[in-house]
Each structure stands twice: as C-alpha cells, then as structure tokens.
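Good morning, everyone, and thank you for making time for this short talk. Please have a look at the structure on the screen, and then I will take you through it step by step.

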Amino acid sequence: MTDSNQIKLGIIGLGNITQLNHLPLLSKNKEVTISAVADINRNTLKNITSKFGIEKSFLDYREMIKMVDLDAVIIATPTISHKVIALDCIEAGLNIFVEKPVAKSREEAKVISSAAIKHKVLAMVGMNMRYRPDVMMLKSIINSGDLGDPYLVKAHWHRTQSSAGKWFSNKEEAGGGVILDLGIAILDLSLWMLNFPEIISVSTANHFIDNKVLEDSSVSFIRAVPNSVISMETSWVHSSNEDSFIFEIYCSKGKASLNPFKITKIIDGQTVELTPFKQENSRKLYEKSFVNELNHFIGAIKGLNPVLSSAVEAVSRMGVIESMYKSASAKSEIGYK
Ligand SMILES: NC(=O)c1ccc[n+]([C@@H]2O[C@H](COP(=O)([O-])OP(=O)(O)OC[C@H]3O[C@@H](n4cnc5c(N)ncnc54)[C@H](O)[C@@H]3O)[C@@H](O)[C@H]2O)c1
C-alpha cells in the first residue's frame, strides 16, 4: 500500500546496477514506493517485476512517464541513452537520478543540467563512492583542516571489466573506455576531496592493450590551483586475480588513505596514527555507499538536504574528462580552461 508521504519512483533500465543495488535497497526503503519500471528487454522486465512485486511495467519508458504518477526516476541505462531519457523525464517535470557517467560528453551534460534548471527539477548523478562511510569521514577530516593543506591525491583503480563484451566495450554506446567507467569515479573523488580546485592542466597517456578501439588503461597527471596535483591510473587489464583500489591524500600536516582507511598526522615532529574507527570490509562499504546515496536523493526530493553530485557539477567533471582524451590524442600536457 502506498503511504501519501512516500516518494513515487520509476526506474528505467533494469540491468546489472539496478538488480544489484537500486532495486534491492529501494524495495526495502520505507520512504519510497517503486511505482513502475521500464526496460526494453521483455524478459528482464518480466523477471524483475515478478521478483520484486512491481505492478506497473513498460517496454517504453515514455509510456511510463506519461501514464504513471511519479515524483522521480532513476536512469540506469547505457550511457548513449542518458541524454534523451533524462530530457524526456525532466520535461515531464520529474526529478532525476542518472547513473554515472551523466552522458557521453560535456555538451550533453550541459544540455541535461540546463534543462533541469529550466524545469526546476533535481538532477543528481550517481557517484556512490562519495557516500562510503570511510570517504565521508575522510572528507570531514580534510575539510576541518586538521591535516593541513592537501597537495597530492594518488588514485588508482584496476579492475577486470565487469561488463566485458557488453555495451561498455562499444565506443558508440559507452562514449569512452576505462576513463568513463572507472576514471570518472576516482576523478570525482579526487576533485571532491580537494573541494573542486581550479584545474590548470591535464596530461594523460592512454593505452589500448586488449581493446583496440577504447582505452583500457589510462594514466593522468592533473595540476590544480594553488599547487595541488591529482595523479591517477585506471585499467581494465592489469587486475590479475584481484581488483586493486588505492586512494591516498597527502597534506601539509599528515596523510590519509582508503582501503584500508588510515590517517597519520605529524604532531610535535612525530608521526602519529589517528585512524578513528574499526575497518569495514569493501563489500559493506560498497553497499552502504548506495544506501547513503539513494537516501540522499530521497532526502533532496523531500527538501531535507541539497543535492550533492548535481548535473551542474557533472558538466565540469566531463570537461576534465574531455581534456584527458585531448591530451592523450595530442600526446602532451594541455592547459585547461
Ligand atoms: N555507480 C556504479 O558503481 C555503477 C556500476 C555499474 C554501472 N553503472 C552505470 O549504470 C548504468 C547502467 O549500467 P549497467 O551495468 O546496469 O548496464 P546493463 O547493461 O547491465 O543494464 C542496462 C539495462 O538498460 C536497459 N535499456 C537499454 N536501453 C534502454 C532504454 N532506452 N529504455 C529502457 N531500458 C533500456 C537494458 O535492456 C538493460 O537491462 C550505466 O550508466 C553505468 O555506467 C554504475
């Protein structure tokens, strides 16, 4: 039964991320009701609606947004379709949550963000890493200034491509390779930790080891004002048996890292470890990041909190991503405007 205070949600795209995270978590969330779902795959639609007891389902999302009374939609389809779906939903007056990357290009991101402003709806982009409990703690410690001024972020994510052979490997559908899959998430984490510094220049080298069309390994060096640096590496091909994720932030009075979460601070010339709480395993952190992220979106719809990771932010993040591709093609460092 629907409670009148519940947020009425529609979900578009019932693939991997929706089945793994959005649907299991949202179906347990008392603040929302999943009013309808849409997917172009008839079998997926049938299986998912019966598994989660969802009454209304559509092969065409446009029918769903026309026929069902909704407050918001979650868009979790391949990247190529994000712009059109997002615009249709925004123009129907719906708040949107779009999975990352917001779209294939900065230009498309701009169109989505401008439309959301024009139609006065919320547009949030999935950046679940920001909502990991250890990341939230780290962010508040960096913001407190206790570790001094951050000057270097080292971010590294090597992971076997989870959707090898699917649309992720197709340039037309994905828009890019490992940069748009893994790179965008650690770039966002780095920029967010540094409070979105002004970028000065970008230098990227891309490699095409197994995939001859899309980069499957990438290394970047990003300079920011006043004198901070983001050094990041991503790869789909060097993960051996285990994924490897490193995030370290170096500050004038200390250093912090994730996986495992560790903080060290220089006090009276001594390096002291200040790691504040017991470690949670990666699986738990991953799951909590989605719980927190979705709660944040629901809170924003209810007017309880502002949107973090808005489509407006996504425009500048896509700008940095495009500079990474330009630098890789030019084989040189390029200035960023
Ligand atoms: N935040 C994360 O950690 C994370 C992880 C994986 C994927 N993602 C993102 O989530 C999105 C979906 O990725 P996925 O791995 O679930 O892909 P997927 O291929 O597993 O699922 C996509 C689903 O969308 C459906 N679909 C395609 N076009 C559609 C349309 N026009 N209307 C309705 N349904 C349509 C497909 O039939 C499929 O069921 C992508 O943007 C991806 O980058 C985010």
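This is a predicted model: local features need pLDDT of at least 70, side-chain atom pairs count only at pLDDT 80 or more; totals for chains, interfaces and linings use all residues.

Which residues come nearest to the ligand? There are 25 residues around the ligand, and those that come nearest are Gly13, Gly15, Asn16, Ile17 and Glu99.

Now let us step back to the chain, which is divided into domain 1, made of 7-128 + 293-310, and domain 2, made of 130-280 + 315-335. The ligand involves both of them, since domain 1 and domain 2 each give at least three residues to the shell around the ligand. Taken over C-alpha atoms, the centres of domain 1 and domain 2 are separated by 26 Å.

How many residues of each domain are in contact with the other? On the domain 1 side there are 19, and they are in contact with 16 residues of domain 2. Looking at the side of domain 1 that touches domain 2, the elements that give two or more residues are helix H5 (106-118) and helix H9 (282-301), and H5 gives the most, with 4 residues. The residues on this side of domain 1 divide into 7 nonpolar, 7 polar and 5 charged.

Technical notes. Residues are numbered from 1 along each chain as its sequence is written. A residue is near a molecule or strand if its C-beta atom, placed from the backbone, lies within 6 Å of it. Domain bounds come from an automatic or database domain assignment. Two residues are in contact if their C-beta atoms, placed from the backbone, lie within 7 Å. Ala, Val, Leu, Ile, Met, Phe, Trp, Tyr, Cys and Pro count as nonpolar, Asp, Glu, Lys and Arg as charged, and the others, Gly among them, as polar.
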